[in-house]
Amino acid sequence: TAAKIRTEKVVSKALPMTLEVPGEIAPDPDRSVRIAARVPGRISVVSFKEGMRVQAGALLAVIESAELARIASTYSSAAARVQAAQKNAARIESLTSKGLAANQELLDAQAQAQALAAEAQAARRSLLSFGISESQLPHIGARFELRAPLTGYALSRNATVGQTVSAEHILCDLIDLDRGYFIARLYEKNLARIKPGQTAEVRLNAYPEAVFVGTVETVGKQLDASARTVVTRIAITNKDDLLKVGLFGKARVSLSDGREQGRGLVVPLAAVTRIADRDVVFVRQADEHFEVHPVTLGPSASGEVQVLSGLREGEQVVTDGVFAVKGAILKSTFAEEE
């Protein structure tokens, strides 16, 4: 229970036919952000490196900005003068009601207060556009802190201490790879066979034993004239932190045209692991113990794989908590060898 082990029955079924398409890993644009300096100035602190994982809110860099200090000074000065002008207008209004001041004098005082309020508001909006919060406004100076808006990896770094930067200068690209995309290239002859919602299994050249199960999210509307392919986006979830932008591989998309592969025993792909270069599954016994069963695998589709030998229909195989069981078995094996 503590290891969150869950099992499923081995069943006999036919898997759908699949289509294999090449492609590469790309970040989710909704989970990516380009970090710009936002203010002109000189970089005094850099707190990240390329490839580093940073938490949301973590300090990325500090920029000393004379322009920021100037706008902050303008805001503070205007805010103070607004208060004085508003008090003066209130005083004159009181005198006017008693017939001790002219109405024109009141109008002039109110107009001055409004003009100063507009100046302060303009400076305030400039500061807020830099990403400064309302609570920081009274304390802002020349020091501008850039913080991570999300938890992710710094894909690049273009910042060094002492470097002078413009407001548009890009310091880094920050991406969250907990969820990514496999950008598949679909040939026009196969366009009618792939539709959003179909299940796909992604295997990357760098990690041939790892399988990322995803879903076809979109099929592009524009054909690449030279390659005669259409971009197909397959949403996948990161597994063991293996995803890296640009990795090549292939996706095996389960088709929904009704055609099936041969019938056989089937288990979820998540149930299969490797021990001593062999594919194995863990079978739960009636006494709550687990046995290692070497298996011979057949074709796979929709996140499931056929088992040609090593299992019987109805047996319970571990699908969640596989690594916990594997670790316990390997530990007991090592203990026996000692």
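**Strands, helices and overall form of a predicted chain**

Isoleucine 170 of strand S11 is the residue that alanine 36 stands opposite. The model is a predicted one, in which local features need pLDDT of at least 70 and side-chain atom pairs count only at pLDDT 80 or more, while totals for chains, interfaces and linings use all residues. Residues are numbered from 1 along each chain as its sequence is written, and side-chain values use heavy atoms, with hydrogens and water left out.

Two strands are said to pair if DSSP finds at least two bridges between them. Strands themselves are DSSP runs of E with at least two residues, helices are runs of H or I with at least four, and both are numbered from the N terminus. S4 and S11 are members of an open, antiparallel sheet of four strands, ordered S4-S11-S9-S6. Strand S4 (32–36) and strand S6 (53–54) each have a single partner strand and stand at the edges, so one side of each is left without a neighbour in the sheet.

Arginine 38 is partly exposed, at a relative accessible area of 41%; the classes are buried under 20%, exposed over 50% and partly exposed in between, with a 1.4 Å probe and protein chains only. What backbone feature does aspartate 277 have although it is not a glycine? Aspartate 277 has a positive phi, of about 65 degrees. The loop that holds aspartate 277 runs between strand S18 (273–275) and strand S19 (278–284), and this residue is exposed, with a relative accessible area of 68%.

Strand S5 has antiparallel pairings with two strands. Two bridges link S5 to strand S10 (residues 164–165), and four bridges join S5 to strand S7 (residues 59–64). Arginine 42 takes part on both sides: it stands opposite threonine 164 in S10, and its bridge partner in S7 is glutamate 64.

Strand S17 (residues 260–268) and strand S22 (residues 304–309) run antiparallel and are joined by four bridges, with valine 267 opposite valine 305 in S22. Strand S21 (residues 296–301) also pairs with S22 in the antiparallel sense, over four bridges; here alanine 301 has glutamate 304 in S22 as its bridge partner. S21 and S22 form a hairpin with two residues between them, and serine 302 in the turn has a positive phi of about 55 degrees.

The helices can be followed through two alanines. Alanine 72 is found in helix H1 (residues 66–97) and is buried, with a relative accessible area of 4%. Which residues does alanine 72 contact, leaving aside its neighbours within four places in sequence? They are Leu127 and Ile140, where contact means heavy atoms within 4.5 Å. Alanine 72 and arginine 124 are 52 residues apart along the chain, yet their C-alpha atoms are separated by 8.2 Å. Alanine 123 has its place in helix H2 (residues 103–129) and counts as buried at 6% relative accessibility. Leaving aside neighbours within four places in sequence, alanine 123 is in contact with Ile71, Thr74 and Tyr75. By C-alpha atoms, alanine 123 lies 34 Å from leucine 155, with 32 residues of separation in sequence.

The chain as a whole has three helices and 23 strands. Its radius of gyration is 32 Å, well over the 20 Å that the globule rule gives for 338 residues, so the chain is more spread out than a compact globule. This radius is taken over C-alpha atoms, and the rule is 2.2 Å times the number of residues to the power 0.38. Along the principal axes, the C-alpha atoms fill a box of roughly 105 × 60 × 45 Å. Of the 338 residues, 38% are buried. Among contacts with a separation of 6 or more, 74% are between residues 24 or more positions apart. The chain exposes about 18400 Å², of which carbon and sulfur atoms supply 51%.

Technical notes: Areas by Shrake-Rupley, 256 points an atom, 1.4 Å probe, with all protein chains shown as cover.
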